[in-house]
Amino acid sequence: MIKRYIVPVIVLILVVLLGVGLVGFNLFRDKAIKDFFATMQQPAAPVSTYTVEPGIWTPNIEAIGTVSAIQGVELAVEVAGIVKDIPFEANQIVEKGAALLQLDDAIEKADIVAAKAQDVLADQTLERARTLNTRGVGAVSNVDEAQSASLAKKAEIAKLQAVLDQKLIKAPFEGTVGIPRIELGQYLSPGTVVVSLQDLNTMRVDFTVPEQVLASINIKQPIKLNLTDNDESFDGEITAIEPRIDPSTRLVTVRAKVENSSGKLRPGQFAQVRVTLPKEENVVTLPQTALVSSLYGDYVFVVRPAPEENKPADGAAPADAAKPEEAKPADTAKPAEGEKKEEKLVVAQVFVTPGRRSGLVVEITKGLKKGDIIVTAGQNRLSPGAAVKIDNTVNPANTTDAGLPKK
């Protein structure tokens, strides 16, 4: 009878002990995991850096402009007519005065021939009237009438010649012609555009700047023009400044001349313009990648040595300092000879006051001092006090177009 109850009791006790063991193991495991992560040190994050050092900086005024030819026109016909000849090809470079379009002028030529024949008769009539008047057999009024008729006929010939000249379109200057917009045999009405003629040797760019910087812009001031961020730069100079400021936008229009010997600039292109200002000394600048903006302000991460652990109070000896007779062995007290101990580095968040921006560079007016090591890349993985290691293999501050001041 007793044996019947002993086995279930033993089983129950074993189940209880197993459950308690599982619960205890889980509690122990959770505590061990928490302790591990609480004391675990994060690996040092690789960052690129830039050392602050005031230097000479050339600030710029950046603007957006439109490129156009120094001379460019849309040639159109002045009189109606049928296209007889198109003596040019697209993209051909033509000289000044070169024929570009010939309209049918047969009627005008015939009218001129007839008018010249009548002009000869008018001249003869005038000569005859003067002879008779000299002999005293002709009235003076006859001479005046004949002279008036002769002058009128010459004026008619000049008018017909002008109309004939309008049938032929010539290049007003040397340049490159575009794609013809007419065809042989096509009837053209006055004002029809024939072709575009552009002088591509010298270009101009029109851009606008805020009225606040108008005092910094002058005639013959140098500029840099770029079509894209990675394209080559073109040098130019300011040739005109609009005397009136647009009251609706508070912007002023500026025009600059740019040489186009390479032929890469074309009318109508979008352009990035930088007006070069006088050089300034003792300016603190950083790559714009180093500056982080937040709701609380702009800040940077400054690399500093990690604080020493268990650092004793001033004048006190370390708590775990070994006694003279208990000195540690030489092989554990210091690194082996020729072995350099790596310095631990951390980052600190420093709020700064940014100033002007130029290209990839931003001026810092407050918050930094000479010698500060600033993180330029890798900030997205950082927080104040995070361990870092410097790796300047790829560094935005080392690019050729960073525009940082010369040391």
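A residue counts as buried when its relative accessible area is under 20%, and by that cut-off D119, with a relative accessible area of 11%, is buried. The structure discussed here is a predicted model, with a mean pLDDT of 82 for the protein and 84% of its residues at 70 or more.

**Confidence**

- Residues 313–336 have a pLDDT below 50, and in the model this stretch has four contacts beyond near neighbours in sequence.
- Where pLDDT is low, the predicted coordinates should not be read in detail.

**Helix α3**

- Helix α3 comprises 27 residues, 140–166, and at 1.5 Å a residue it should span 39 Å, which agrees with the 40 Å that separate its end C-alpha atoms.
- The buried residues of α3 are V143, A146, S150, K153, I157, L160 and L164, and they pack against α2 (106–135) and β7 (168–170).
- Because an α-helix has 3.6 residues a turn, residues three or four places apart point the same way.

- Among the 12 salt bridges found by a search of the whole structure is the pairing of the D119 and K154 side chains, with 3.1 Å from N to O.
- Since D119 belongs to helix α2 and K154 to helix α3, this pair ties together parts that are 35 residues apart in sequence.

- The side chains of E363 and R356 meet in a salt bridge with an N to O distance of 2.9 Å; here E363 counts as buried at 12% relative accessibility, while R356 is partly exposed, with a relative accessible area of 35%.
- A salt bridge also joins the side chains of D372 and K369, at 3.3 Å from N to O, and in this pair D372 counts as buried at 10% relative accessibility, whereas K369, at 52%, counts as exposed.
- In general, side chains of opposite charge can pair when their charged atoms come close.

Technical notes. Residues are numbered from 1 along each chain as its sequence is written. This is a predicted model: local features need pLDDT of at least 70, side-chain atom pairs count only at pLDDT 80 or more; totals for chains, interfaces and linings use all residues. Side-chain values use heavy atoms; hydrogens and water are left out. pLDDT is the predictor's confidence in each residue, from 0 to 100. Contact means heavy atoms within 4.5 Å. Helices (H or I, at least four residues) and strands (E, at least two) are DSSP runs, numbered from the N terminus. The expected span of a helix is 1.5 Å times one less than its number of residues. Buried means under 20% relative accessible area, exposed over 50%, partly exposed in between (1.4 Å probe, protein chains only). A salt bridge is a side-chain nitrogen of Lys or Arg within 4 Å of a carboxyl oxygen of Asp or Glu.
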